[in-house]
Amino acid sequence: MTTDSHAAIEAVWRLEAPRLTAGLMRLVRDLGAAEDLAHDALVAALQQWPSDGVPRNPAAWLMQAAKHRAIDLLRRRTRSDRKHDELARELDEGMRLARRDPADALDDDIGDDLLRLMFIACHPVLSAEARVALTLRLLGGLTTDEIARAYLVPEPTIAQRIVRAKKTLAKKRVPFEVPAPAERMVRLASVLEVIYLVFNEGYAATAGEDWIRPSLCDEAVRLGRVLTTLVPGEGEAHALVALMELQASRLRARVGPRGEAILLLDQDRGRWDRLLIGRGLAALDRAVALGGGGGFYALQAGIAACHARATTAEATDWARIASLYARLTDVTRSPIVRLNHAVAVGRAEGPAAGLVLVDALAADPSLASYPYLPGARGDLLERLGRVEEARAEFVRAASMTRNARDRDVLLARAGAKVS
Amino acid sequence: MRFMVIVKATRESEAGVMPTPEQLAEMGAFNEQLIKAGVMLAGDGLQASSKGARVVFNGKERTIVDGPFAETKELIAGFWILQCRSKAEVIEWMRRCPNPYPHDGGYVEIRQCFEAEDFAPAADSGPKA
């Protein structure tokens, strides 16, 4: 087999696997079986395509190959001793699908099937880790090996995680469905959370590593975009895409020539990705137009948009950022968000106003080992001219951070105060 | 990874002949698939070179030359910006593209964009909040 045809089959597989698995899931109602059937179709393609060439409609070819096996499976199930009505339903469905052109059968409901697949992969009965792994596998078309490399864990760990997740879904009889309205918001929130977890994992990735880690950002934004086409009326889905596109727009500006981290306000804004900024701002407009301006992701996207719109750091609309953070503290109650709020107030209204808010957080036990608290306090004190106190805070922050580059920056600031 | 797919100009595109409603519908359906897969970042058709211009560089001199330009085969008539995981994926997508050259035959060209990693190492710093 040539590398070319192998690469072509892999590409077809990545494009088609989610749709194929989703369509088969509707037929056989079992995630393990659906995945196996899809995989068998891939094996058949690997045997045939290198000699026969990639078919004109590879999606239909794969579905056809998988469907034959699915019908066999359903026939075998009738010989087992399962409930009669259940078997009848499965067979009816199987025959209905068998009579139709497989490509049509896929296209008719494929949007719904993909959405069902997303909802089942992100089901709240699963742990966050399991949801992430299952989503990347089922919707991203990533192999367990790729997921393992992306998450820096051994491959068997991911494989086990996926097997256990599939067992849990089967044991709890989680239906393959778009959730009813009463449940929908909670279930959608779980999908959004999983996508954002994937994004943040990629965002935290460092250089020189496997390409797959930073590419998690791309994959998360892509999954978010797919979701917005499946649930176009959900403002928070558009808001999450806005947030990810805007954060991704700064990816290439956040690292200096020696690999050091560059903070947002110090970044060369000329290196921000204008294409992604435009897409992010447009997605935020859609979220707001849908009435989704006040949610968890929309408020963060709104803050990211303030930075994106400012042509220089000095032009940042801190008053607006401070008010968005204030609203975000109501949504999340996170002390880190409250600290960010204090920092924004310090920019908008002056360091004295910011310091009052930061000091109010000093006793919060969850921030006791959070280096950004003394870091932010040091910054405000420095701007108030309280140099010695500022220096002490930077030293304290440096002793708390586990990131060597951050420590260098903080110690440099502490040292700069000596003179 | 980000790719640009370049559609070459044809005699029709250069003559300002608009696509037929069928061609537009076909291309629209293809774009819809790209959007639903979350891979299409941007894309546009370009007007004929007669409406364009060139800024010609020669040392410190700048000369402006208005269109149209003669060498049709070297001109472009449209583009996509796609985010895909490999060149093979872009190829697979473009195999599914409706023929943009129903009368002449021709090709679209796939080119990979430079990424930040191509210039400098990347480093860590988490997103805020």
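In chain A, 60% of the contacts with a separation of 6 or more are between residues 24 or more positions apart; two residues count as in contact if their C-beta atoms, placed from the backbone, lie within 7 Å. For chain B, the share from residues 24 or more positions apart is 73%. This is a predicted model, where local features need pLDDT of at least 70 and side-chain atom pairs count only at pLDDT 80 or more, while totals for chains, interfaces and linings use all residues. Residues are numbered from 1 along each chain as its sequence is written, with chains lettered from A and ligands numbered from 1 in the order in which they are written.

Chain A comes with 19 helices and zero strands. Helices (H or I, at least four residues) and strands (E, at least two) are DSSP runs, numbered from the N terminus. Of its 419 residues, 44% count as buried. A residue is buried if 20 or more other C-beta atoms lie within 10 Å of its own, exposed if 12 or fewer, and partly exposed in between, with C-beta atoms placed from the backbone.

Next, a helix pair in chain A. The axes of helix α9 (residues 181-203) and helix α10 (residues 215-230) of chain A come within 6 Å and cross at roughly 155 degrees. Axes here are lines fitted to C-alpha atoms, for helices over the stretch in contact, and angles run from 0 to 180 degrees between N-to-C directions. So α9(A) and α10(A) are roughly antiparallel to each other, a label for angles over 145 degrees. On the α9(A) side, the residues that meet α10(A) include Val191(A), Ile195(A) and Phe199(A), and among their counterparts in α10(A) are Leu216(A), Val221(A) and Leu227(A). The residues of this contact divide into 11 nonpolar, three polar and two charged; Ala, Val, Leu, Ile, Met, Phe, Trp, Tyr, Cys and Pro count as nonpolar, Asp, Glu, Lys and Arg as charged, and the others, Gly among them, as polar.

Val186(A) also sits in helix α9 of chain A. Val186(A) is exposed, because it has 10 other C-beta atoms within 10 Å. From Val186(A) to His123(A) is 63 residues in sequence and 9.8 Å in space, C-alpha to C-alpha.

Elsewhere in chain A, Pro351(A) lies in helix α16 (residues 351-361). Pro351(A) counts as partly exposed because it has 19 C-beta neighbours inside 10 Å. Leaving out residues up to four places away in sequence, Pro351(A) touches Gly346(A), Leu380(A), Arg383(A) and Leu384(A). Pro351(A) and Leu380(A) are 29 residues apart in sequence, yet 5.1 Å apart in space, C-alpha to C-alpha.

Now for chain B, which has three helices and six strands, running β-α-α-β-β-β-β-α-β from the N terminus. Of the 129 residues of chain B, 19% count as buried. Four strands form an open sheet in the order β2-β5-β1-β6 (chain B), with antiparallel pairing; two strands pair if DSSP finds at least two bridges between them. At the edges stand β2 (40-45) and β6 (108-112) of chain B, each with a single partner strand, so one side of each has no neighbour in the sheet. On average, neighbouring strands of this sheet are turned by 15 degrees against each other, direction ignored. Five bridges join β2(B) to strand β5 (residues 76-83) of chain B, and Ala42(B) stands opposite Ile81(B) in β5(B). Helix α3 (residues 87-95) of chain B lies across β1 (2-8), β5 and β6 of chain B, running at about 160 degrees to β6(B).

Note on methods: Angles under 35 degrees count as roughly parallel, over 145 as roughly antiparallel, 65 to 115 as roughly perpendicular and the rest as oblique.
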